[in-house]
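This briefing covers one protein chain, from its overall make-up to selected contacts. The sequence and structure come first, and the notes follow by topic.

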Amino acid sequence: MNYLNAEHISKSYGELVLFENLSFSIHKDQKIALIAKNGSGKTSILKILSGKETPDSGQIVIRNGLRLSFLDQEPDLNPKLSVEDTIFDTDIPIIKTIENYEKALKNPEDAEAYQLAFEAMDRENAWEFETQYQQILSQLKLNDLEAKVSTLSGGQKKRLALAQVLLSQPDILILDEPTNHLDLEMIEWLEDYFSKTQQTLFMVTHDRYFLERVCNEILELDHGKIYTYKGNYSYYLEKKEARIANKALEVNKAKQLYNKELEWMRRQPKARTTKSKSRIDDFFEIKSRAHQRRKDYQVELELNMERLGSKIIEFHNVSKAFEDNIILDGFDYTFRKGERIGIIGKNGTGKSTFLNLLTQRLQPDGGKIVIGDTVKIGYYTQDGITVKPEQKVIDIIKEFGDYIPLAKGRQISAQQLLERFLFDRKKQYDFVEKLSGGELKRLYLCTVLIQNPNVLILDEPTNDLDIVTLNVLESFLMDFPGVLLVVSHDRYFMDKIVDHLFVFRGNAEIEDFPGNYSDFRAYDSSQTKTEDTVNESTSETVLKENAAQKLSYNEQKEYKNLESKIRALELDKNALEEKFKNPELSQDDINNLSSELQKIMDQIEEKELRWFELAEKLEQP
């Protein structure tokens, strides 16, 4: 059943054209994600669909009687209302019934009012919905129902707005970055909630696991055109790659035809026949097709960062608390070269405080933190960038540096770095106030990277970044040779980037887990097994512990990570070998593939040698 049609919509702000002549539909039970680069107008499209903005041209046609709810990135809530009043601030009958029942519970002396409210709950079959109401509030940690909206943090307001739209039970739910400001537990609950409901969704999100497990259709806005993929995120990646490959083939054929027609044009006399004029018109169309170029950038950099000495960062018996909230209590850790640490935990367990201690923005209550003389920290915080009036994009980044040194005396300039992070030359000379929220985050990231740190700390770097930018950032970080610490609720990002985790459990309990986020979730889930199952595996666990005692703590982590890394490299090797089967490969393509293959084989050999070295230690009596 068709719910909504967007028909030939366009939107501009002054000279900035976001999109033109876009058309698409939303049907009952579809769960659609919109993917596009920051600055392409994703949020504007959501606001146009929800009626908060109007298109410059075209129209939105909605089926009569349909109810639609919109979760904005910056929710507009009444600051004078309480949390409970905000949720009940609606004209939906079943929520009004629950509101009356909740009020009656608070005034048990009014037996008549309680009886009427109770009967209304029965009459409208609202008991199941009331249970859902309590569950949603509990999962989103909205426990203080009397708290005023004006006292809530930005994250709490976003969660309150999410609870409000979920409980409104609309026919179409439009969501702008629904996983922002949610901790990992909340994200997984929301993912499960949407995957099991028949709710019709249209969303923008950068969370690729969320896309994978919730969405059944992807709309991609790419270079001004809408492309539809009838499947989840994996399907989209596969079909997009095929689309780009086909497009490249078409452009290549157009170039060959263009060269042929160009030669004909140069031979033609000045006097043209009607037939010649038609061919000349075709020539300019062919020229346009032949000169199409995608502005996609691969970030493969051999960074020449400042040398790290043997002493990097050391925590010695460090303690920190805020009144009754204990963050660290006698914490010890010595950071090593090449470490890639993910930091996870529920909101309020001290992740950002830990980073502020590490960067000396906060001082510990006890113990000491030692920073090595050669350490140069780059810190991407959640605060964002401070912009002066009438500054241009290129001016902002040049305040922090002009270039990043690469291996063999080469360098990447500030302009080139901006290009790799999807700011083309024209965009670099735009005023910063014209940038979208996601583009500002992308620019801020560039200002941190241009300083060429050897210890890079990223606090929620994926918030508000589009998937295209995330892929660029991941490519950059895969090449980063220094120490990396990441706080992120993006599970896909964490799985790809980090080697081990600091799991903040609360009350100063910090677990050092050897593996990525998916490994941790599998491990954490396994802890809920029955006691019988645990007993069956006791002997195997004892054997592993006895073997692990022959390795140092850091060697145990390294040994466990090596097997998964070798498997991943083998998969990459197999994928490259498959590409050699393409009969249309040019000699340059073959040379590039051969170089990549040799690099991967060298990495496999290096890691296998280290694995055998550690395995030999384990086998020693």
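Helices and strands here are DSSP runs, numbered from the N terminus, with at least four residues (H or I) for a helix and at least two (E) for a strand. The model is predicted. The secondary structure of the protein comes to 22 helices and 20 strands.

**A loop residue: Lys392**

- Lys392 sits in the loop that runs between β14 (377-380) and α12 (393-398).
- Lys392 counts as partly exposed because its relative accessibility is 29%, which lies between the 20% and 50% cut-offs.
- Beyond its neighbours within four places in sequence, Lys392 is in contact with Gln428, Tyr429, Asp430, Phe431 and Val432.
- Of these, Tyr429 is 37 residues from Lys392 in sequence, while the C-alpha to C-alpha separation of the two is 5.5 Å.

**Whole-protein values**

- The protein has 621 residues, and 46% of them count as buried.
- Taking contacts between residues at least 6 apart in sequence, 68% join residues at least 24 apart.

**Nonpolar cores**

- In soluble globular proteins, nonpolar side chains tend to be buried together.
- The largest nonpolar core holds 53 residues, and Leu140, Leu166 and Phe194 touch the most other members.
- Helix α6 (residues 154-167) gives this core its largest share, seven residues.
- Leu166, setting aside neighbours within four places in sequence, is in contact with Ile136, Leu173, Trp189, Leu190, Tyr193 and Phe194.

**Packing of α5 and α7**

- Two packed helices are described by the angle between their axes and the distance between the axes.
- For helix α5 (residues 127-139) and helix α7 (residues 184-196), the axes come within 10 Å and cross at roughly 150 degrees.
- That crossing angle makes α5 roughly antiparallel to α7, because angles over 145 degrees count as roughly antiparallel.
- On the α5 side the contact is made by Gln132, Gln135, Ile136 and Gln139, and on the α7 side by Met186, Trp189 and Tyr193.
- By class, the residues of this contact are four nonpolar, three polar and no charged.
- Ile136 of α5, together with Trp189 and Tyr193 of α7, takes part in this helix contact, and these residues are also among the contacts of Leu166.

Definitions and conventions:
Residues numbered from 1 in each chain as written. Predicted model: local features only at pLDDT ≥ 70, side-chain atom pairs only at ≥ 80, totals over all residues. Heavy atoms only, no water. Core = buried A, V, L, I, M, F, W, Y, C linked by side-chain atoms within 4.5 Å. Buried < 20%, exposed > 50% of the residue type's maximum accessible area, 1.4 Å probe, protein only. Contact = heavy atoms within 4.5 Å. Axes fitted to C-alpha atoms, helices over the stretch in contact; angles between N-to-C directions. Parallel < 35°, antiparallel > 145°, perpendicular 65-115°, else oblique. Nonpolar A, V, L, I, M, F, W, Y, C, P; charged D, E, K, R; others polar.
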